[in-house]
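Biologist: I'd like to learn how to read a model like this one. Can we take it feature by feature?

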Amino acid sequence: MPPPKAALPGSYDFANAAYFAGISAVGYSLTDIEVLNQNKESSYFIAQLRQQIYERITAALPINIANFAAALMIGETSALNRNLLKNMRIAGISHILAVSGLHLSLITMLVFFLSRLILNLIPAIALKYDIKPFAAFIALLASIFYLLISGMKIAAIRAFIMTLILIISINIKRPIKPIR
């Protein structure tokens, strides 16, 4: 479960202290803990990369705007202004902050069209090969990278699966009909 918030206003906030200590969840177990797979290097690299992106965003923009931009780009909502979150919930637009289909499809579409444009500018490739599958593969790699950077939330994973199906259909030359 997420770390508990302060019980009383102004009292010790364990959730805040846990955030800065790198603790993202707390819980209990009735049996001894057994580590099944410990692959710290890859997850540590992604966490470090997310932190670097967050620091670059906050260095370039005013803090409130930077926290909002970080929430939109990498799904980091912990530093958002509480009044802003409350107002967005009241307005019914807080779902914009959840990294999901909109964000992943925008990144994938942008990379697909840019890579297709760049590949079209190289005559040796454009005249010999069908570049659409190459561009789709590059877009798939970009969407995997963005999925990792965004924190792999459930909505983002669902959107990635749908994007993967779309890219597979491009590669096997099936007509794309989004209504289906």
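Biologist: What does a side-chain oxygen of Asn81 reach at the start of helix H4?

Modeller: Helices here are DSSP runs of H or I, at least four residues, numbered from the N terminus. At the start of H4 (residues 82–91), that Asn81 oxygen comes to within 2.9 Å of the backbone nitrogen of Asn83. It's a polar contact (N or O atoms within 3.5 Å, one able to donate a hydrogen and the other to accept it; residues adjacent in sequence count only if both atoms are side-chain atoms). Just after H4, Gly92 has a positive phi of about 80°.

Modeller: Keep in mind that this is a predicted model, where local features need pLDDT of at least 70 and side-chain atom pairs 80 or more, while totals for chains, interfaces and linings use all residues. Numbering runs from 1 along each chain as its sequence is written, and side-chain values use heavy atoms, leaving out hydrogens and water.

Biologist: How do helices H5 and H8 cross?

Modeller: Two packed helices are described by the angle between their axes and the distance between the axes. For H5 (residues 101–120) and H8 (residues 154–171), the axes come within 8 Å and cross at roughly 35° (lines fitted to C-alpha atoms over the stretch in contact, with angles from 0 to 180 degrees between N-to-C directions).

Biologist: Which residues make that contact?

Modeller: Contact means heavy atoms within 4.5 Å. H5 brings Gly101, Leu104, Thr108 and Phe112, and H8 brings Ala156, Ala159, Phe160, Thr163, Ile167 and Ile170.

Biologist: Is Thr108 buried or exposed?

Modeller: Buried means under 20% relative accessible area, exposed over 50%, partly exposed in between (1.4 Å probe, protein chains only). Thr108 has 7%, so it's buried. Its side chain reaches the backbone oxygen of Leu104 at 2.8 Å. Leaving aside residues up to four places away in sequence, Thr108 touches Ala139, Ser143, Thr163 and Ile167.

Biologist: How many aromatic pairs are there?

Modeller: Rings of Phe, Tyr and Trp (its six-membered ring) pair if their centres lie within 6.5 Å; planes under 30 degrees apart are stacked, over 60 edge-to-face, the rest tilted. The count is 3. One of them joins Phe112 and Phe113, edge-to-face at 5.4 Å centre to centre with 65° between the planes. Phe112 is buried at 11%, whereas Phe113 is partly exposed at 48%. Tyr129 and Phe134 have ring centres 6.1 Å apart and planes at 85°, so that pair is edge-to-face. Tyr129 is partly exposed at 47%, and Phe134 is partly exposed at 42%.

Notes
Helices (H or I, at least four residues) and strands (E, at least two) are DSSP runs, numbered from the N terminus.
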